[in-house]
Amino acid sequence: MKPLFTAIACLLSLSANGQLHIGSGTHLVVQGQPGIVLHNTSWDNDGTFSADSSRVVFRGAQTDSVSGTSETLFFQLSVEKASDSLRLAQAIQVEDSLFFVSGTLALEGRNLTLGTDHGVLVGESETSRITGANGGEVVKVAILNAPSSENPGNLGMTITSAAIPGPTVIRRGHQLKSLPNGTSIQRYYDISPATNTGLNATIVFSYFDAELNGQTETNLESWHQTGTNWINREPDATYDLANTVEVTLDTLGMATLAEGALKVQPVVFLQGAFSGTQMTDGLRSAGVIPTTEPYSALGFPQQGGGGETIEASVLATTGNDAIVDWLFLELRSAADSSVIVRTQSALLQADGDVVGLDGISAVTFAGVPIDDYFLTVKHRNHLGVRTPSPITLSRIATSYDFSSSLNQAWDKPGIINDAMVDVSGTGIYGLFTGDVTGDQFINATDFQATSNLVTPNQSAVYQVGDINLDANLNATDFQTSNNVSTPNKIGHVHP
Ligand SMILES: [Ca+2]
Ligand SMILES: [Ca+2]
Ligand SMILES: [Ca+2]
Ligand SMILES: [Ca+2]
């Protein structure tokens with residue numbers, strides 16, 4: 001079919017400064033392929049454009065823009081700029097294909113929406129691609145039903161899941177994200193599925209080397225947002241030649257890539273809470289665990305941490321991974337264990353796993369160099385412990401099981417009590433309970449304080465006097481305190 005131009009009414013003009021202007025009241029209908037080739041000519045649509053099945057091609061070495069009071073709905077669009085870019089000065093839609101031949105398309109804070117049925121990016125490359133340092137997003141809606149390596153709109157986010165996410169809005173942007181460990185690469189995906197739990201989705205994030213923002217490619221990891229927290233997850237795989245990072249996520253949302261932070265996965269048990277093979281989640285089931293860490297308010301000195309929060313949904317998990325309480329972790333200098341390099345509030349699961357603020361992932365220490373550190377674990381009414389020697393921490397999570405042996409904790413010289421207590425009677429070690437004053441001593445002062453706090457009895461409380469962590473203040477806490485405070489005990493954190 002031959003190109004057919006139909007200008008209804010008037011005011012379709014090519015101005016002297018290189019602009020195709022569709023004036024107000026003008027209706028431009030273009031049929032066939034290619035429809036319009038614009039050479040060093042911008043597009044300004046104040047009227048009505050009916051793209052039919054046409055292609056609008058931008059060529060030439062000058063910067064051109066797409067503007068106008070009307071949001072243009074292209075059928076096909078082709079970026080074939082010899083240099084520089086095509087810039088959006090108005091949001092646009094591309095119903096079918098957006099071709100990249102040469103040059104870039106700069107979003108400049110505007111959105112580019114791809115058609116739900118056929119909208120797709122074609123031929124993006126290191127030199128011809130979408131950019132958006134000043135904001136704007138590429139938007140695609142896809143219906144995902146047990147997707148198998150689906151890459152909606154060819155946006156570069158490939159998803160595989162046995163679940164049914166349903167209608168899913170995928171937004172791809174190129175503005176840097178500010179993360180706890182620095183900034184992201186120049187790309188993010190914001191994914192909003194209709195059903196967004198238990199997806200167990202394998203996501204392959206693609207990027208261009210030109211988007212790396214100075215980061216070491218082989219260190220790229222997934223950072224995804226839950227509430228206001230950025231959670232750093234080790235990827236399942238990283239391919240620096242293919243420019244992809246693969247990660248498994250149960251819940252989708254805002255996600256980007258950046259170099260990972262130091263990670264640790266300790267195992268810790270708490271006396272009083274421990275019973276049988278794991279710990280009670282009585283505080284959680286009573287609904288009293290605060291969503292903001294309690295340690296700052298209790299006067300635990302902070303270094304780079306403090307104010308950590310969690311989503312209420314983190315406390316919905318039951319069973320082995322149910323949250324018992326907040327813990328307080330410290331990295332201390334390998335050269336001097338009295339020097340606290342970084343503090344981080346974390347969460348304790350019923351089976352002893354110490355996890356990050358999503359209640360699942362390893363604990364991360366952002367903004368800290370890869371090095372050896374002493375690791376300290378404290379709890380608001382238990383005696384703290386630390387590793388006997390510095391442990392090597394890196395982006396790959398280091399496991400450290402305090403519970404497997406008394407030797408897993410540093411033994412303070414000249415002190416009668418050990419660092420930990422056998423909470424099981426069968427060689428599972430945990431932190432001594434009963435330091436309700438939080439001074440790393442368990443003595444008559446703690447017993448007196450507990451005695452005062454349990455009078456009268458209280459239930460469904462989050463209180464330091466609740467030394468068995470069942471959310472109740474009563475005779476059990478009183479009796480436990482009486483037992484553990486004789487003889488007196490001292491915490492084992494530093495000399
Ligand atoms: Ca690469
Ligand atoms: Ca666990
Ligand atoms: Ca005390
Ligand atoms: Ca209690």
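**View 1. Strand β14 meets strand β17.** Strand β14 (residues 112-114) and β17 are joined by 2 bridges and run parallel. Strands here are DSSP runs of E with at least two residues, helices are runs of H or I with at least four, and both are numbered from the N terminus. Two strands count as a pair if DSSP finds at least two bridges between them. Look for L112, which sits opposite V138 in β17. What you see is a predicted model, in which local features need pLDDT of at least 70 and side-chain atom pairs count only at pLDDT 80 or more, while totals for chains, interfaces and linings use all residues. Residues are numbered from 1 along each chain as its sequence is written, with chains lettered from A and ligands numbered from 1 in the order in which they are written.

**View 2. Strand β17 and its antiparallel partner.** Now to β19 (residues 166-173): 8 bridges tie this strand to β17, and the two run antiparallel. How enclosed is strand β17 by the rest of the structure? Largely, because 6 of the 8 residues of β17 (residues 137-144) are buried. A residue is buried if 20 or more other C-beta atoms, placed from the backbone, lie within 10 Å of its own; 12 or fewer makes it exposed, and anything in between partly exposed. Over the protein, buried residues are 44% of the 495.

**View 3. Where domain 1 touches domain 2.** The protein splits into domain 1 (4-259) and domain 2 (262-490), with bounds from an automatic or database domain assignment. At the join, 12 residues of domain 1 are in contact with 13 of domain 2, contact being C-beta atoms, placed from the backbone, within 7 Å. On the domain 1 side, β24 (220-226) and β25 (229-233) each bring at least two residues. Which strand gives the largest share of that side? It's β25, with 4 residues. By class, the side of domain 1 that touches domain 2 has 2 nonpolar, 7 polar and 3 charged residues. Nonpolar covers Ala, Val, Leu, Ile, Met, Phe, Trp, Tyr, Cys and Pro; charged means Asp, Glu, Lys and Arg; the others, Gly among them, are polar.

**View 4. Stepping back for context.** In total, the protein has 3 helices and 43 strands. Its C-alpha atoms fill a box of roughly 95 × 45 × 35 Å along the principal axes.

Methods
Contact = placed C-beta atoms within 7 Å.
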